[in-house]
Amino acid sequence: MKLVLDKFLWLGIGVMLFGLYQTINNQMTQGISWIVAGAFVLVLFIIMIIKHYEISP
């Protein structure tokens with residue numbers, strides 16, 4: 001489970017980097033929407049990690 005969640009966290013970072021690329025090369029709003037989507041993926045999987053491993057904040 002730990003390895004699978006790690007891959008999803010990398011996926012979230014990849015989406016955010018793609019958003020940064022879109023922001024630099026194309027439209028600002030399209031890139032920012034990709035960055036927000038990547039941040040949402042990261043937050044979602046961080047919550048899953050905390051609940052699965054019972055890490056108290």
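Just after helix α2, glutamate 54 takes a positive phi of about 50°, where helices (H or I, at least four residues) and strands (E, at least two) are DSSP runs numbered from the N terminus. The model is predicted, with local features requiring pLDDT of at least 70 and side-chain atom pairs counting only at pLDDT 80 or more, while totals for chains, interfaces and linings use all residues. Residues are numbered from 1 along each chain as its sequence is written, and side-chain values use heavy atoms, with hydrogens and water left out. The secondary structure of the chain comes to two helices and zero strands.

**Overall surface and contacts**

- The accessible surface of the chain comes to about 4500 Å², with 75% of that area belonging to carbon and sulfur atoms; areas come from the Shrake-Rupley method with a 1.4 Å probe, and for residues only the protein chains shown count as cover.
- Of the chain's 57 residues, 18% count as buried (buried means under 20% relative accessible area, exposed over 50%, and partly exposed in between, with a 1.4 Å probe and protein chains only).
- Among contacts (heavy atoms within 4.5 Å) between residues at least 6 apart in sequence, 49% join residues at least 24 apart.

**Helix α2 and its buried residues**

- Helix α2 covers residues 28-53, and its 26 residues reach 38 Å from the first C-alpha to the last, close to the 38 Å expected at 1.5 Å a residue (the expected span is 1.5 Å times one less than the number of residues).
- The buried residues in α2 include Gly31, Gly38, Leu42, Phe45 and Ile49.

**Where glutamine 22 and glycine 31 meet**

- Glutamine 22 lies in helix α1 and, at 8% relative accessibility, counts as buried; leaving aside neighbours within four places in sequence, glutamine 22 is in contact with Gln27, Gln30, Gly31 and Trp34.
- Glycine 31, placed in helix α2, counts as buried at 0% relative accessibility, and with the neighbours within four places left aside, glycine 31 is in contact with Gly19, Gln22 and Thr23.
- Glycine 31 and leucine 17 are 14 residues apart in sequence, and their C-alpha atoms are 9.3 Å apart in space.
- Isoleucine 32, also found in helix α2, counts as partly exposed at 42% relative accessibility, and its C-alpha atom is separated by 8.2 Å from that of glutamine 22, ten residues apart along the chain.

**Aromatic pairs**

- A search of the whole structure finds two aromatic pairs (rings of Phe, Tyr and Trp, the last by its six-membered ring, pair if their centres lie within 6.5 Å, and planes under 30 degrees apart count as stacked, over 60 as edge-to-face and the rest as tilted).
- The ring centres of phenylalanine 18 and tryptophan 34 lie 5.1 Å apart with the planes at 90°, so this pair is edge-to-face.
- Phenylalanine 18 lies in helix α1 and tryptophan 34 in helix α2, so the pair ties together parts that are 16 residues apart in sequence.
- Phenylalanine 18 is partly exposed with a relative accessible area of 34%, and tryptophan 34 is partly exposed with 36%.
- Ring pairs link Phe18, Tyr21 and Trp34 into a cluster.

**Nonpolar patch**

- Trp10, Ile13, Leu17, Leu20 and Ile24 make a nonpolar surface patch of about 540 Å²; patches are made of residues with over 30% relative accessible area and no salt bridge, joining like charges within 9 Å and nonpolar side chains (Val, Leu, Ile, Met, Phe, Trp, Tyr) within 5 Å, a salt bridge being a side-chain nitrogen of Lys or Arg within 4 Å of a carboxyl oxygen of Asp or Glu.
- Leucine 20 has its place in helix α1, residues 2-25, and is partly exposed, with a relative accessible area of 43%.
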